[in-house]
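Reader: I am new to this structure and would like to know what stands behind the words used for it. Please go through them one at a time.

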Amino acid sequence: MTSTETPQAERATTTQVHRVYIRATPERIWQAITDPEWNGRYGYSAPAEYELRAGGTYRALATEEMKRASAEMGWELPEVIVDGEVLEAEPPRRLVQTWRMVMDPTAAAEGFSRLTWEIEGPGEDGVCRLTVTHELAGMPSLAAMTSGDNEFGAMGGGGWPWILSDLKTLLETGSAFAG
């Protein structure tokens, strides 16, 4: 008997949906996602540049600190560590892009994934909901790295849960985890 049903383990890693609730305006959240002066202050501190138009480029850049740490571990980090293309940009509500982790050869070989940022609200309480949907079909290495459910320990490895929690902390308190 042949089954066309996707096994549970594969379904669990095909699409990741992460949500965080942030007491900030949609405009501030959008700016924190798309402006390198902001997006380099949380998560893994890699400033990211966007051309906010369909067909525009996206790239996250290695910092000097990242390059030094990588060199100490015996491997060279490229200047561009994540790249992609902007597919849709609807400030301050929706951003859809492709996303490829170039800094890891295994993840880079898996190709481009699709990443969607959606900002809803604010509600009466001034809180917005940020939903990040990462489509990762056929990308087991990247799915493991971005899930936040892995064994990278002190090297980070908190994936999207880490990044979004730090983004929330920065916007609500003015300081990121490392700040």
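Author: Accessible areas come from the Shrake-Rupley method with a 1.4 Å probe, and for residues only the protein chains shown count as cover. By that method the protein chain exposes about 9,800 Å², of which carbon and sulfur atoms supply 52%. This is a predicted model, in which local features need pLDDT of at least 70 and side-chain atom pairs count only at pLDDT 80 or more, while totals for chains, interfaces and linings use all residues. Residues are numbered from 1 along each chain as its sequence is written, and side-chain values use heavy atoms, with hydrogens and water left out.

Reader: What counts as a helix or a strand, and how many are in the protein chain?
Author: Both are DSSP runs numbered from the N terminus: helices are H or I with at least four residues, strands are E with at least two. The protein chain has seven helices and seven strands. Along the sequence they follow the pattern α-β-α-α-β-β-α-β-β-α-β-β-α-α.

Reader: Why is W38 called buried?
Author: Buried means under 20% relative accessible area, exposed over 50%, and partly exposed in between (1.4 Å probe, protein chains only). W38 has 18% relative accessibility, so W38 counts as buried. W38 lies in helix 3, residues 36-39. Buried residues make up 39% of the 179 residues in the protein chain.

Reader: What makes P91 exposed?
Author: P91 has 54% relative accessibility and therefore counts as exposed. This residue is found in the loop between strand 4 and strand 5. P91 and Q31 are 60 residues apart in sequence and 9.1 Å apart in space, C-alpha to C-alpha.

Reader: Which residues is W38 in contact with, leaving aside its neighbours within four places in sequence?
Author: Contact means heavy atoms within 4.5 Å. With those neighbours left aside, W38 is in contact with R28, Q31, A32, L170 and L171. From W38 to L170 there are 132 residues in sequence and 9.2 Å in space, C-alpha to C-alpha. Among contacts in the protein chain between residues at least 6 apart in sequence, 51% join residues at least 24 apart.

Reader: How do you know which strands are at the edge of the sheet?
Author: Two strands pair if DSSP finds at least two bridges between them. Seven strands form an open sheet in the order 1-7-6-5-4-3-2, with antiparallel pairing. Strand 1 (15-22) and strand 2 each pair on one side only, and these are the edge strands.

Reader: What joins strand 5 to strand 6?
Author: Six bridges join strand 5 (residues 94-101) to strand 6 (residues 113-120), and the two run antiparallel. T98 has R114 as its bridge partner in strand 6. Helix 6 (residues 140-147) packs on the sheet, touching strand 1, strand 5, strand 6 and strand 7 (128-135), and its direction makes about 20° with that of strand 1. For such angles, axes are lines fitted to C-alpha atoms, for helices over the stretch in contact, and angles run from 0 to 180 degrees between N-to-C directions.

Reader: Why is the pair of W117 and W160 called edge-to-face?
Author: Rings of Phe, Tyr and Trp (its six-membered ring) pair if their centres lie within 6.5 Å; planes under 30 degrees apart count as stacked, over 60 as edge-to-face and the rest as tilted. The rings of W117 and W160 have centres 5.5 Å apart and planes at 90°, so the pair is edge-to-face. W117 is in strand 6 and W160 in helix 7 (residues 159-173), 43 residues apart. At 6% relative accessibility W117 counts as buried, and W160 is buried at 4%. A search of the whole structure finds four aromatic pairs. Ring pairs link W99, W117 and W160 into a cluster.

Reader: What makes K67 and E79 a salt bridge?
Author: A salt bridge is a side-chain nitrogen of Lys or Arg within 4 Å of a carboxyl oxygen of Asp or Glu. The closest N and O atoms of K67 and E79 are 2.5 Å apart, and the two form a salt bridge. K67 lies in helix 4 (residues 64-72) and E79 in the loop between helix 4 and strand 4 (80-90), so the pair ties together parts that are 12 residues apart in sequence. K67 counts as partly exposed at 21% relative accessibility, as does E79 at 45%. The structure holds 10 salt bridges.
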